[in-house]
Amino acid sequence: WSRKQGRREGREGRWTPSRATMSSTSDMDEMVENRKKIEKVLQQRLSELLKILTDREIRNLSNKGKIHRFDKDQVISAHGELGDSLKCVVSGSLEASSIYGQGANEISQRELTLGRGNTFGEEAILDMPCVMTVKALGPCEVCYIHVQHFRSVIGKNADVNAVLRSSLTWQEKHKSPLQILAQRKCKLLEIMSDDAIKTLSKEVEKMYIESDTLLCSQGDDGDSMFIIIKGCARATCTRSIAFQDPTTKENLTKTIELETQVYKEGDAFEDACVALGQQRIATVLALSGSCVGVLKRESMSRALISNELINSMKQFYEGSSSETFIAEALMLRSPSA
């Protein structure tokens, strides 16, 4: 008998465990229960990563996992931060949101709901920042498996890195229209509200074009604006310059072609054509195979192209002198130019 082991009470010598012993036993029981709970969830294999793991690897990972509990609206991982663990939902529901734009132009867009068995935070395995912000929709439990523990269990499994990189490469190649519009690289987008940008993104039609494809010609009537989602294009415009022949003193005009802008990913152009019904201000030609978003005037609801927006754009363009109008409309004022 010892104080550490417990104490005997009563005439029958009944043994009663000490508080330290009860606490230790309780902790051990909870640890075993949590491991069973984690393994059961991981065995569902609801992600491409878990599908390629063996039962033994799943079991070993469950022994390394720790359960963390969160209350409603608690942020579990934030966009852009460097995580150190693979995470799996054990119970409850989580909201995953993408953050588009920067600074004052940041827009949060709910992408999906994560439930029991869903994993997230895989970027940590590749030493990359989180691509989405994840928060609890209510009380929930999340299993954390530290990257070091994950690597010690999986070892040099080339399939794991291939699956992860394939997933992240797909996300990069298939950027959503909202991700591009949120950069607000034209006057029309600059003066729109976040809700208007979100609504507008659903109206974007993607068009895949080859190099040297003509997008629009200067002087044509048009009913659409363009956004470069992937690739690049060159804008040129012709200008007539008046001059006097030094010999004959005759007044002449000369037409020259100017390269005014090279549009890159995120750049939007011909917004004045859509909002104000103006003719095309430049000829735009694709410089490479590109994915271009097209927004047609008819697809924009009156809530987006409202009188207030149109008046704002008119004031912007009418405030430009004739010499700078094309430069302004072609976004030469933007930081990316």
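Surface patches were assembled from residues with over 30% relative accessible area and no salt bridge, like charges being joined within 9 Å and nonpolar side chains (Val, Leu, Ile, Met, Phe, Trp, Tyr) within 5 Å. A salt bridge denotes a side-chain nitrogen of Lys or Arg within 4 Å of a carboxyl oxygen of Asp or Glu. The structure is a predicted model, in which local features need pLDDT of at least 70 and side-chain atom pairs count only at pLDDT 80 or more, while totals for chains, interfaces and linings use all residues. Residues are numbered from 1 along each chain as its sequence is written, and side-chain values use heavy atoms, with hydrogens and water left out.

Under these criteria, M28, M31 and V32 make a nonpolar surface patch of about 270 Å². M28 belongs to helix α1 (residues 19-42); helices (H or I, at least four residues) and strands (E, at least two) are DSSP runs numbered from the N terminus. With a relative accessibility of 48%, M28 is partly exposed, a class lying between buried (under 20% relative accessible area) and exposed (over 50%), for a 1.4 Å probe and protein chains only.

In helix α4 (residues 147-154), V147, F150, V153 and I154 are buried. Viewed down the axis of α4, its buried residues fall within an arc of 130 degrees, so they line one face of the helix. An α-helix has 3.6 residues a turn, so residues three or four places apart point the same way. The exposed residues Q148 and S152 are carried on the face of α4 turned away from its buried side. G155, with a positive phi near 70 degrees, follows α4.

Four strands form an open sheet in the order β11-β18-β13-β16, with antiparallel pairing; pairing requires at least two DSSP bridges between two strands. Because β11 (205-209) and β16 (268-269) stand at the edges with a single partner strand each, one side of each is left without a neighbour in the sheet. Strand β18 (residues 290-296) is joined to β13 (residues 224-230) by six bridges and to β11 by five. Within β18, L295 stands opposite M225, V292 is the bridge partner of I228, and G293 is that of K206. Six of the seven residues of β18 are buried, so this strand is largely enclosed by the rest of the structure.

Aromatic contacts were also assigned. Rings of Phe, Tyr and Trp (its six-membered ring) pair if their centres lie within 6.5 Å, with planes under 30 degrees apart counted as stacked, over 60 as edge-to-face and the rest as tilted. Three aromatic pairs were found by this rule. The F70 and Y144 rings are stacked, because their centres are 6.4 Å apart and their planes at 25 degrees. Since F70 lies in strand β3 (residues 66-70) and Y144 in strand β10 (residues 140-146), the pair ties together parts 74 residues apart in sequence. F70 is buried at a relative accessible area of 12%, and Y144 is buried at 16%. Ring pairs also link F226, Y263 and F269 into a cluster.

Conventions
Arc of directions from axis to C-beta. Areas by Shrake-Rupley, 256 points an atom, 1.4 Å probe, with all protein chains shown as cover.
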